[in-house]
Structure formats: structure tokens, C-alpha cells
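Open the model in your viewer and keep the sequence panel beside it. The tour goes from one selection to the next.

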Amino acid sequence: MTLSRHLGILINAALLGAAVFSFGVSSADALPPQSQGRENGKDAPKKVQAPSLEDLYARLKGSEDDAEAKGISRLIEQRLGRSGSATADLLTERARQAMSGRDYALAVELMDRATTLEPQWAEGWNRRATVFWLLTDQTNAVADLQRTLVLEPRHYEAWAALGRIYLSMDDKRRALDAFRRAAAIYPRMEKLQSAIDRLVPEIDGRDL
């Protein structure tokens, strides 16, 4: 569970105005070059390569359909959710379970271990920020979100979560900037544009 989703629940009223890689040689690989791709007179099936993270972000930004954009965002979140360490992934899953049981002290301890093991894993810091927010520790939540964004500047959920924290602190100018950064990456992110529309007249003194 990401901080963005937690905060959407916790401060949604305030936000909107009331506001988580085998080598092998196949039989085809063993064929001489002129024979590869053709067996028994038939073309061998082509391997489908998964889109890169860069491709997914480009598709997310250019999508003109809400359902399509949401599907792409799930693929991005799955990629970001892989730490590359089985141990860090296990610690993160146990932290999620601890959060479900409202044992936030244990959850933050587990995420401390996960981020120590994988300090370059952006999503690890984002998830630890979630726990800090639930502990009402805004300072550490903001610090972890900023660390997330240093490692992955396109982390739209971290930008949106940062905006919601700033809004809860009545720092509307920084909240608007964070929301706009999230919207630049994921224009169709749910409820994001309406939050921007509410803040713009107050901060910029004009409509978009």
C-alpha cells in the first residue's frame, strides 16, 4: 500500500475542499543461423519483449483513456515494487502485514531494515514514508518522499503524497507544485486535476 492511497483516505476531504530477473540454450539456439526461427518448415513464434519502464511512463503520459492509464500505472507500480532482493521484499511484505494490524512501530522497523539492505530502491523509501505518515510523523514522511524522488523523479504517487502532506500543513504553494509535478507524469491520475483546480485561483490568482 502506498502513501498516496493512505493519504487519499486520511485527508481526502481536506484535499478536495472539505481535502509498494537464467540462462539456457534452447533447441532453436542450437540450430545454425540459417535454420533459426524455422522448424519443420514453420516459422518459430517470436518472443514478445516486455515494454521498458521508460516506454510505460511515455504511454502513461500520452494516454487519453482513464482505464488504460490506470492499467499502465499498475504495471509501473509492479516494476517499482521489485527491490531486487528477496530479503527486502520479504521485510516489506511483513511491514505491510504489520500496517494492516496497525502495528506501525513494527512496520517502520521492518522498512528501516529493507531500506538499509536496498538504499537505492525508491519504492522502499516511499513505503516507509507511508508508515511515518500513519505515525503522524510529517517530518520523516516528507524526508522519505524526497529521498524517493531523488532516486525516481517520475514517482507520481510520491509527488501526489508530498502534495497532500504539504496541503495538510497548509503549505498550499508547495502542495500545488507537487500536484503539478505528479500531473505532468500521470495526467489522468484520479482526483489530481480537481485538487489543482481548487488551488490555482488561490495561489496563482487565475484559472488554468
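## Stop one: the core

Select Ile 76, Tyr 156, Leu 162 and Phe 179: these have the most contacts inside the largest nonpolar core, which has 52 residues. A nonpolar core here is a set of buried Ala, Val, Leu, Ile, Met, Phe, Trp, Tyr and Cys residues joined through side-chain atoms within 4.5 Å. Buried means under 20% relative accessible area, exposed over 50%, and partly exposed in between (1.4 Å probe, protein chains only). In soluble globular proteins, nonpolar side chains tend to be buried together.

Before going on, note that this is a predicted model: local features need pLDDT of at least 70, side-chain atom pairs count only at pLDDT 80 or more, and totals for chains, interfaces and linings use all residues. Residues are numbered from 1 along each chain as its sequence is written, and side-chain values use heavy atoms, with hydrogens and water left out.

Centre on Ile 76. Which residues is Ile 76 in contact with, leaving aside its neighbours within four places in sequence? They are Leu 53, Leu 56, Tyr 57, Leu 60 and Tyr 156. Contact means heavy atoms within 4.5 Å.

## Stop two: the aromatic pair

The structure holds one aromatic pair. The ring centres of Tyr 156 and Tyr 186 are 5.0 Å apart and the planes stand at 80°, so the pair is edge-to-face. Rings of Phe, Tyr and Trp (its six-membered ring) pair if their centres lie within 6.5 Å; planes under 30 degrees apart count as stacked, over 60 as edge-to-face and the rest as tilted. The two partners are 30 residues apart: Tyr 156 sits in helix 9, Tyr 186 in the loop between helix 10 (172-185) and helix 11 (192-203). Tyr 156 is buried, at 2% relative accessible area. Tyr 186 is buried too, at 5%.

## Stop three: salt bridges

Next, display the charged side chains. How many salt bridges does a search of the whole structure find? Twelve. Each is a side-chain nitrogen of Lys or Arg within 4 Å of a carboxyl oxygen of Asp or Glu.

- Select Asp 66 and Arg 188, which meet at 2.9 Å, N to O. Asp 66 lies in helix 4 and Arg 188 in the loop between helix 10 and helix 11, 122 residues apart. Asp 66 is partly exposed at 46%, and Arg 188 is partly exposed at 33%.
- Select Lys 172 and Glu 202, with their closest N and O atoms 2.8 Å apart. This pair links helix 10 to helix 11, across 30 residues. Lys 172 is partly exposed at 25%.
- Select Arg 174 and Asp 171, joined at 2.5 Å, N to O.
- Select Glu 54, Glu 152 and Arg 154, which are linked in a network of salt bridges.

## Stop four: the whole fold

Zoom out and colour by secondary structure. The protein has eleven helices and two strands. Along the sequence the pattern is α-α-β-β-α-α-α-α-α-α-α-α-α. Helices (H or I, at least four residues) and strands (E, at least two) are DSSP runs, numbered from the N terminus. Of the 208 residues in the protein, 40% are buried.
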